[in-house]
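Please look at the following chain and its fold before reading on. The paragraphs below lead from the chain as a whole to a group of aromatic rings.

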Amino acid sequence: MAQKILTLNDSNFDEQLVASDVPVLVDFWAEWCGPCKIIAPILEEIAEQKNGKLAIAKLNVDDAMNTARRFEVMSIPTLILFKDGQPVTRIVGAKPKGQLIADLEVHL
């Protein structure tokens with residue numbers, strides 16, 4: 001995983017979101033999820049491209065079931081953009097890089 005991508009879990013989730021100076025896009029994913037593997041390199045590119053403007057984090061739903069339940073993640077990949085610790089938009093399913101950036105740019 002790219003160094004610019006944070007790894008979240010049930011115990012550090014809230015702390016990491018509140019500590020961030022920039023919006024955080026959280027990728028709710030799992031090892032067994034094919035579409036999650038497809039968007040992983042796209043998210044790494046976005047993390048590089050938007051460094052300083054947007055943080056990217058990953059949360060494995062198998063390891064952090066409480067947080068996934070809390071945000072009602074029913075299918076993966078689910079991407080939730082948090083601003084000031086609060087969810088502002090949700091993207092469900094794999095999308096091309098251009099479409100992801102367009103969906104996020106409105107909130108940055």
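**From surface to aromatic cluster**

The accessible surface of the chain amounts to about 5800 Å², and carbon and sulfur atoms hold 50% of it. The model is a predicted one. Of the 108 residues in the chain, 44% are buried. The chain carries 11 positive and 15 negative charges, whose mean positions lie 5 Å apart.

The chain contains four helices and five strands, and from the N terminus these elements follow the order β-α-β-α-β-α-β-β-α. The radius of gyration is 12 Å, close to the 13 Å that the globule rule gives for 108 residues, so the chain is as compact as a globular protein of that length. Its C-alpha trace spans about 30 × 30 × 25 Å along the principal axes. Among contacts with a separation of 6 or more, 70% are between residues 24 or more positions apart.

The aromatic rings may now be considered. A search of the whole structure finds five aromatic pairs. One of them joins Phe13 and Phe71, a tilted pair with 5.4 Å from centre to centre and 45° between the planes. This pair links distant parts of the chain, since Phe13 belongs to helix 1 and Phe71 to the loop between helix 3 and strand 4, 58 residues apart. Phe13 is buried, with a relative accessible area of 0%. Phe71 has 12% relative accessibility and therefore also counts as buried, the limit being under 20%.

Phe71 also pairs with Phe82: the ring centres are 5.2 Å apart and the planes stand at 85°, so this pair is edge-to-face. Phe82 lies in strand 4, 11 residues from Phe71, and is buried. Together, Phe13, Phe28, Phe71 and Phe82 form one aromatic cluster.

Methods:
Residues numbered from 1 in each chain as written. Predicted model: local features only at pLDDT ≥ 70, side-chain atom pairs only at ≥ 80, totals over all residues. Heavy atoms only, no water. Helix = DSSP H or I, 4+ residues; strand = E, 2+ residues; numbered from the N terminus. Rg over C-alpha atoms; globule rule 2.2 N^0.38 Å. Buried < 20%, exposed > 50% of the residue type's maximum accessible area, 1.4 Å probe, protein only. Contact = heavy atoms within 4.5 Å. Areas by Shrake-Rupley, 256 points an atom, 1.4 Å probe, with all protein chains shown as cover. Lys, Arg positive; Asp, Glu negative; His and termini not counted. Charge placed at Lys NZ, Arg CZ, Asp CG, Glu CD. Phe/Tyr/Trp six-rings, centres within 6.5 Å; stacked < 30°, edge-to-face > 60°.
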